[in-house]
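Look at the sequence and the structure before reading on.

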Amino acid sequence: MKIIFFIKNSVFCYILSMKDYVCPRCNCSDEKYIGLLNGKYYCRRCISSSGTQCDLNYNVIEGKCYLDYSLSDNQMRISNALIDNFKEGKNAIIHAVTGAGKTELVFGLIEYCLNKHLHVGFAVPRVDIVRELYDRFCVAFKDNKICSVYGEHCLELNGDIIVLTTHQLYRYEGYFDLLILDEIDAFPYRKNEMLHQFFKKSIRGNYVLMSATLSDNDIKEMNDNGGTVFKLFKRYHGKKLVVPKYIKESVFPRFQILLTLKKFITSNKPVFIFAPTISIVENLGIFLRIFFRCGMYVSSKSQHRKEIIERFKQGHYKYLVTTSILERGVTVKNLQVMVYQADSDIYDKSTLVQIAGRVGRKKDASGGEVIFYGKEKTRDISDSIEEIQRFNKEAGL
């Protein structure tokens, strides 16, 4: 009986202790994620986020930003204001439409921090965008060491500028004097408390948040916490955002897509065709390739998606059928966009605005078409079109 009592008492004490435990890494206190191993508590929610930490004593060298183009007057105004804002020890949020040049807005601030030997990070939720940003930073800051950190690429953790996924921020606790977080509303960062904690714990200085599709709550939170809100609703080339049009699906929606695709291919215009799920992407892609072998389909499960996307950019493929992995951070000259089953639940207002923002991003190709196909015109479809029209109006276009 004494043994049974001891066991019951130990279990009871363990349960009580477990209720009081808070994970020091991700702040999780949910009992279903807390375990005990060899007398020590651990958190199942972030246990996969363990590994080598950065060198807190890394010495940043001074740097210069090299651009082969000039910022617009609006971009320069915000760029200078961001530096002044940082000097005052304030955080910032940038609400800039797709194609406004958000990344270029922070180049001046990054240069300022490098010359103060401060630790700089640029975080985004998705791996593909990290790879693209790494190439851009290597060109813009060619005298500095640029380090990219993501899932399968984390042997080198220190550099003058660190470009990384939000999942890798746990390696940088108390490290960044300046941390820029782009696409704050994108999956998987959006509504992920663990990643939010990684972000907060990695900062020892100030941060800048950015997106083209911020919520009113994002802006209110920044204002309430004493930060500064910057808005830029005009693209760097000064032309209108392309307004999508809704077309009701026909009885044979795949042939509807096929006919529009034929028009774009004949005009030698590259095309993204978005579809809501991986299986639909694959099925639609296989169907279209029966008629046009000059395209491919791609998703997060595609083994060679980096090569497929690169071949598309080089013109080897004329179209890509894709999931939402290409809704952000991709610029292709003269791109046209179709969204198949745009009335799907997966396409909320923000996603549709981002998808539409792939079109018209180049100065010498500022127009194009964005077509939403669906059985019905959902509230999200209507809201996305109205928001883009509102951005154009606020930009005076």
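## Basis of the report

The model is predicted, so local features need pLDDT of at least 70 and side-chain atom pairs count only at pLDDT 80 or more, while totals for chains, interfaces and linings use all residues. Residues are numbered from 1 along each chain as its sequence is written, and side-chain values use heavy atoms, with hydrogens and water left out.

A pocket is an open set of points on a 1 Å grid over the protein atoms alone, where a 1.4 Å probe fits, with protein on both sides within 12 Å along at least five of seven lines; lining residues have an atom within 4 Å of a point. A volume is the space filled by probe spheres set on the points.

## The largest pocket

The volume of the largest pocket is about 960 Å³. Its lining has 34 residues, and Tyr-69, Glu-104, Arg-136, Thr-331 and Lys-362 are the closest to the centre. The lining contains 13 nonpolar, nine polar and 12 charged residues. Here Ala, Val, Leu, Ile, Met, Phe, Trp, Tyr, Cys and Pro are nonpolar, Asp, Glu, Lys and Arg are charged, and the others, Gly among them, are polar.

Helix 5 (127-140) is one of the elements that supply at least two lining residues; with six, helix 5 gives the largest share. Helices are DSSP runs (H or I, at least four residues), numbered from the N terminus.

## The second largest pocket

The second largest pocket has a volume of about 770 Å³. Among its 33 lining residues, Ile-184, Ser-215, Asn-217, Asp-218 and Glu-221 lie nearest the centre. Helix 7 provides the largest share of this lining, six residues. By class, the lining holds 13 nonpolar, seven polar and 13 charged residues.
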